[in-house]
Amino acid sequence: MDTARSAISNLFREEPSTYTRFSLAEHMEGDSSQVEMKLSNSEIDSEVGNSMGEPRDPRIMKPKHSPKNICFMIVCTLLIFLIGFLLGYLSYRGRMQTKGQSCSNADSNLCGTAEELPSKDDSDTTLEYTQPFLEWKQLKELLKDKFLVSSFISRIRDFSVSREAGSEGDQRLALTVYNEFKRCGLHSVWNDEHYVKLQSLGSTPNRVTLLASGTNETIENPKGYLAYSAAGQATGKLVYANYGREEDFKMLKSMNISVNGSVVIVRGGKISFAAKVANAQKVKAAAVLIYLDPADYANMPVDTDVFGHVHLGTGDPYTPGFPSFNHTQFPPAQSSGLPSIPAQTITTNSARRLLSKMTGQLAPSEWKGTLSPPYNLGNDDNVQVEVEVNNVVAEKMIHNVFGVIKGLTDPEHYVVIGAQRDSWGPGVAKSAVGTSLLVEMAKALSDLVVKDGYKPRRSIVFASWSAGDFGSVGATEWLEGYLSVLHLKAFAYINLDAAVLGSQTFKASASPMLYTLLGNTLKEVSSPLDSSKTLYQNVGGDSWEKQTIVPMTMDDASYAFQAFSGIPSVSFSFTNDGDTYPYFGTKEDNLSNLNSRTGNRIDDIARAAANVAGQMVLRLTHDHQLSLDFDRYNGELFSFVLKINRFAKQLKKAGLTVKWLSSARGDFDRATETLKNNILNSDLNNAGICRAINDRIMMVEYHFLSPYVSPKDTPFRHILYGSGPHTLMSLLENLNLLNNTITNLNMDVLRNQLALATWTIQGAANALSGDIWDIDNEF
């Protein structure tokens, strides 16, 4: 090494500052070495001096291309190359370690084989390499053009076949949908089999008999029925209870009309059939009869048979909380939402006959329909009715059919688009429209990928559900089957059921996390009745939420996704002003009646519905950041806490406080602000960073499911939109009892509700905050 230093020193000897020279030296100190480069003036000035006739300095008269010089330059070049290579390698390795850590949590797909639902690709894909070729404006126009050539009405005709859940017709239509998905060129098509218990009419007909003045008069042997009614006979005096709501039964109590042991007759509408029967059972009614009053069901033929179900829940009620797969060893269990009293639908004509026999007090004016009888409340021991229900429960095999377009960046994360396939009658609006939309959307979105080069970042799953008429059975069984993983993978559900019910206005039920996406979509889609206006303008512009958003009910397939699985969900429909669709559950749900309600523009309305759903799907799979507005739950929580704060004084007297509930809400607010700041300061083009942010956003809805109740006993665990004593609404109802001196409130129950609601909200805040070291632990 001394020899090397001497050679380098002799080759490039440092000169006075008046010379310019490129010099290189190696300094050795212990185990470390350092290469130093300098510039000086020697050779240039010596050359200049020589050109002026001045003698050259003999000290610098070295050969410019000597072997030592050449060797040294080669060594220097190799050193510089080696240093650059090492720096590049270390930088690349650091990036790959970060990427590997962010992607290490990929887990197995849902259906057991790699070909079925999207699974994590181990290749080194990054957002930079998977940018969609299509800009958003171009993308939405291409989708719109594809729907212009779709014939929705021909699809609806094809799908309006006899197809009661579990029947041969249902199986044939399932195969049709399966083959359509195959023809669309989806990446994978498969089906799930479930063995579920469904109820249907038995060999002995159901019967409603009037017992009056010592004579028995058969009022009706109904052809319609209410699935999951208790079987058997019940007899009692007849009482009219309006819509069968809780407030209606309270009104009867205030009028000293006893319902205990009576047969209650109620009209359809306002709430579900299941809720009517559950409310009647609470006040110890013996049986329930439901009819369609012309005041609520205009133009309905008076002899129309009516079908429905009375399970206050979703899914197979004989396997609550767990899936109805054939290999499951079912314990002897049943849903708490099953009624224990008989319930039966009757025609409008039969209801008129029964109402005409009733005496007693006159019903309040707002309770009166448009039938000719005077609507007396009854409660006459001389007018009794016997209800006989002989429905039978049978195990049937149903199929859910699926297809998928796999995403390129995050294939293991997906939006689900679903529609009910089965129907008791023609079911044109109930399920044929939704199934046609599902198939046409699969075709259009697949074309965007295959023919137009769209590269979705996330996957799109298409789902055709069976047994929807029995309470979203097929959809719920799928959710139960993959309960442990779906909330980690499915980030949104879009329901296509009943999307076309009319033409005049637009209504939607949705998670608050989807409000912003829905509002932005309405700004992009033209009104089907006036192409010069957008749907956003048609529904009130900036006040669109007040005009459009309606509560999500248990009959909606989206409800199970949101309240049971914690997946943000949305349902929407084009409908008419001031009314509800009257034909569900009847054979009047046919193409003729739907044409009448849409002004013979089913194709135009269905095309608008496809654009609404399609553009939401594109937004959810196109953008780096998930289009889920996690900040919207701040307003929902603030509203509830504000209502609870009204009881602060009463709670203080009971030794309780709302301080910790308010603190938990504040923590959630701070967590959303932190995440928004993190997003603003992050490079969303970085795959690992973007995925980590999206994972936090995905979990917001799920963490509003109470972890303190069982999904088997209390399936709808969402504290804001679920059902049960764990909800904030139930807490408010109990707080209202603090002012009621008649009712004895169980303070232990209230204390438990307050504590668990507080910790559920706190848990949601902690989850949104990210890593545990980022959480403010002062709570």
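When I say polar contact today, I mean a pair of N or O atoms within 3.5 Å, where, within protein, one has to be able to donate a hydrogen and the other to accept it. Keep that in mind for Asn376, because its side chain reaches the backbone oxygen of Met358 at 3.0 Å, inside that cut-off.

Okay, the overall picture. What we're looking at is a predicted model. The protein chain runs to 779 residues, and 54% of them count as buried. There are 24 helices and 18 strands in the chain. And if you take the contacts with a separation of 6 or more, residues 24 or more positions apart account for 78% of them.

Let's stay with Asn376. You'll find Asn376 in the loop between helix H9, residues 348-357, and strand S12, residues 383-389. So is Asn376 buried or exposed? Asn376 is at 12% relative accessibility, and buried means under 20%, so Asn376 counts as buried. Now, who does Asn376 touch, not counting residues up to four places away in sequence? There's Tyr240, and then a run of Met358, Thr359, Gly360, Gln361, Leu362 and Ala363.

Next loop: Ala241. Ala241 sits between strand S7, residues 232-240, and helix H7, residues 246-254. With a relative accessibility of 0%, Ala241 counts as buried. Again leaving out residues up to four places away, Ala241 touches Asp248, Phe249 and Leu252, then Val264, Ile265 and Val266, and also Trp367. Pick out Ile265 there: Ala241 and Ile265 are 24 residues apart in sequence, and their C-alpha atoms are 6.2 Å apart in space.

Pro294 is another loop residue, this time between strand S9 (287-291) and strand S10 (308-309). How accessible is Pro294? The relative accessible area is 28%, which makes Pro294 partly exposed. Setting aside neighbours within four places in sequence, Pro294 is in contact with Thr348, Thr370 and Leu371. Leu371 is 77 residues away along the chain, yet the two C-alpha atoms are separated by 7.0 Å.

Right, on to helix packing. Two packed helices are described by the angle between their axes and the distance between the axes. I've got two pairs to show you.

Pair one is H5, residues 152-159, with H18, residues 602-622. These pack at an angle of about 95°, with the axes 8 Å apart. That angle falls within 65 to 115 degrees, so H5 and H18 are roughly perpendicular to each other. From H5, the contact is made by Phe152, Ile153 and Ile156, and from H18 by Ile602, Asp603, Ala606, Arg607 and Ala610. By class, that contact has six nonpolar residues, no polar ones and two charged.

Pair two is H19, residues 633-645, with H23, residues 728-736. Here the angle is about 15° and the axes are 10 Å apart. That makes H19 roughly parallel to H23, and H19 passes H23 in a left-handed crossing. Which residues make the contact? On H19, they're Leu637, Phe640, Lys643 and Ile644, and on H23, Leu728, Met729, Leu731, Leu732 and Leu735.

Terms used. Residues are numbered from 1 along each chain as its sequence is written. This is a predicted model: local features need pLDDT of at least 70, side-chain atom pairs count only at pLDDT 80 or more; totals for chains, interfaces and linings use all residues. Side-chain values use heavy atoms; hydrogens and water are left out. Axes are lines fitted to C-alpha atoms, for helices over the stretch in contact, and angles run from 0 to 180 degrees between N-to-C directions. Helices (H or I, at least four residues) and strands (E, at least two) are DSSP runs, numbered from the N terminus. Angles under 35 degrees count as roughly parallel, over 145 as roughly antiparallel, 65 to 115 as roughly perpendicular and the rest as oblique. A crossing is left-handed if the near helix is turned anticlockwise from the far one by less than a right angle, and right-handed if clockwise. Contact means heavy atoms within 4.5 Å. Buried means under 20% relative accessible area, exposed over 50%, partly exposed in between (1.4 Å probe, protein chains only). Ala, Val, Leu, Ile, Met, Phe, Trp, Tyr, Cys and Pro count as nonpolar, Asp, Glu, Lys and Arg as charged, and the others, Gly among them, as polar.
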